Amino acid sequence: MSSAEPHIREKSASDSRPIIRQLDDSAINRIAAGEVVERPASAVKELVENAIDAGATRISVEIADGGKTLIRVTDDGCGMTPEDLPLALSRHATSKIDGTDLLNIHTFGFRGEALPSLGAVGRLTITSRAEGHEAAQIRVSGGKLEQVKPAALRAGTIVELRDLFFATPARLKFMRTERAEAQAISDTVKRLAMAEPSIGFTLRDVSGGGEGRITFRADPLSGDLFDALHGRLASVLGREFAENALKIDATREGIRLYGYAALPTYSRGAAVAQFLFVNTRPVKDKMLSGALRAAYFDFLSRDRHPAAALFIDCDPQLVDVNVHPAKSEVRFRDPGLARGLIVSSLRHALAEAGHRASTTVAGATLGAMKAEQPTASGGPRIYQMDRPSFGARAASYTAQQPESFAPAPAYQPQASAGFAELAGAYSGRVTEPPEAPMAPGQPLDAPEGTAPGAEALPLGAARGQVHENYIIAQTADGMVIVDQHAAHERLVYEKLKRQMAENGVAAQALLIPEIIELSDNDCACLLGVADELAKFGLGIEAFGGNAIAVRETPAILGEVNAEAMIKDILDELSDQGESQLVQARVEAILSRVACHGSIRSGRRMRGEEMNALLREMEATPHSGQCNHGRPTYVELKLADIERLFGRT
């Protein structure tokens, strides 16, 4: 037999069958650890969740070498008694469920696998003290349990895990770099911090010894749920997300959805800012992620992704969290209800936001307008977001010049006939007060069609048009620059969508229905969404066996390859659990029609036309971004403009 052939175990007459043996506890715990503890971040997750379940108000996490050599979690929770410690390290021992009721879980943990699994693959030490009891400590190393010993601890619990996977060296080969593991731990702690705004979290890296450095800190917050959550999201996801997020709060049939979702113009290049929680448990669920994507489907291009932190609260009986050892996946009893709640709630919130665009658009504009400074090494130049005052810049520039450098005299124009008289007249005008002082913010010449007080409106009053494409409007505290083509394109697109919603998508009957052979599963899957496809003009029906007949296609698409479209729809259904292909193609046509039917770049607009466009934008939902997800206008505050010129 060649070395390339698979090895086949030969059995002798005496070895007629394999022998079934009971695995010992050490092997069982190591197998469980392979499912529960994938990497240091998994260990941190389990330990922090235990601290939360213990009622802690402050949780401190210390790591060294990306969690490979040390993970220490300290909390001020209820603690454990000396009698509890050995039991906590035995498999499937937990205080978090009553009997066998796995559908009534109100805690993060419930399996009773984490601590014995960690003790099987690392060196685990637990020091704890419950109220009214003495502090105690227990150690377990590679599955070998030691005796409980007295310890010194005022309250709470300290869990210290050293040399993770020392008992399973093969797992160490699959560990990533220390930096990558530390980042994964940070992401885990931040997710749990978002889930519990009332708890304080501290993450410290002590790799260099001593007290180390704090890499993340979130102080406990109190008060209204949304105020606390908003503050926590600002500290975890950043101030920009908090400023550009919409409040979400909706309830349907016993399921509540709340949290914050960002404006479409505050989007990301990847799905890295999407955080979903079910009964405060961080989850990664394909159905929930698909619902989030569907809610933003019409507002973002395919290469952009929404940002959101959404929480679903429901009776534990309505959701099964016991489907994965890491408890990161859930199953809803009625997934359609949860999905519909997410899509409708987000779309309603986005519609209520009207023409609003994210503040990051203005920030990016200001950054592009700031002077660039070369680096000392001559490398890439970086935008300076906070420029010093003009005087400071001038003093700095003068100080950098060599002593022999003498600035050239300023250019003086030659006096011409009448120049002195003109200069004198100008000086008289600027030094003598006008007969009727102008009110602050009053325009010199308002374009025709400007209504009185229009500056107080959100998009202000039009003051002019530059390069026959950009409208300049003045607001009460700044200015707005509008891309006239992109803005009008969105307005026309929204009108077309409303007409389509009211009248439906016209279907074009095929002269000869197209018959497509599919597998059993594909056929059943496609017929299950036939009603949804019919809303967009794609009519299908069963044709016997595993075949379907395509009898109608959306008229707006013209001639289509029905078989290719059906297969693309099936691919989306298999990958995402839903398909928006037909809707996307129909709306792409509407978008193209809107583009050709909107105000073109290069067209001069009268004052009343510009102001009418601004008023229609204010009254139209989603007008803050064009059909491709780009902003339709930029708003600059007066204070920002003054900083550009060093006036503040």
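Author: The expected span of a helix is 1.5 Å times one less than its number of residues. The coordinates discussed here come from a predicted model.

Reader: What distance does helix 10 reach from its first C-alpha to its last?

Author: Helix 10 covers residues 335–352 and has 18 residues. At 1.5 Å a residue the expected value is 26 Å, and the helix is close to this, its reach from first to last C-alpha being 26 Å.

Reader: How are helix 9 and helix 10 oriented, roughly parallel or roughly antiparallel?

Author: Their axes lie 9 Å apart and the helices pack at an angle of about 30 degrees. Angles under 35 degrees count as roughly parallel, and therefore helix 9, relative to helix 10, is roughly parallel.

Reader: How many charged residues are there in the contact of helix 9 with helix 10?

Author: Helix 9 contributes residues including Met287, Leu288 and Leu292, while helix 10 contributes, among them, Arg339, Ile342 and Arg347. Of the residues in this contact, twelve are nonpolar and none polar, and the number that are charged is two.

Reader: Is the arrangement of helix 14 and helix 19 oblique or roughly parallel?

Author: Helix 14 (residues 484–503) and helix 19 (residues 607–619) have axes 10 Å apart and pack at an angle of about 50 degrees. Roughly parallel applies to angles under 35 degrees, and roughly perpendicular to 65 to 115, so helix 14 and helix 19 are to each other oblique.

How values were computed. Residues numbered from 1 in each chain as written. Predicted model: local features only at pLDDT ≥ 70, side-chain atom pairs only at ≥ 80, totals over all residues. Heavy atoms only, no water. Helix = DSSP H or I, 4+ residues; strand = E, 2+ residues; numbered from the N terminus. Axes fitted to C-alpha atoms, helices over the stretch in contact; angles between N-to-C directions. Parallel < 35°, antiparallel > 145°, perpendicular 65-115°, else oblique. Contact = heavy atoms within 4.5 Å. Nonpolar A, V, L, I, M, F, W, Y, C, P; charged D, E, K, R; others polar.
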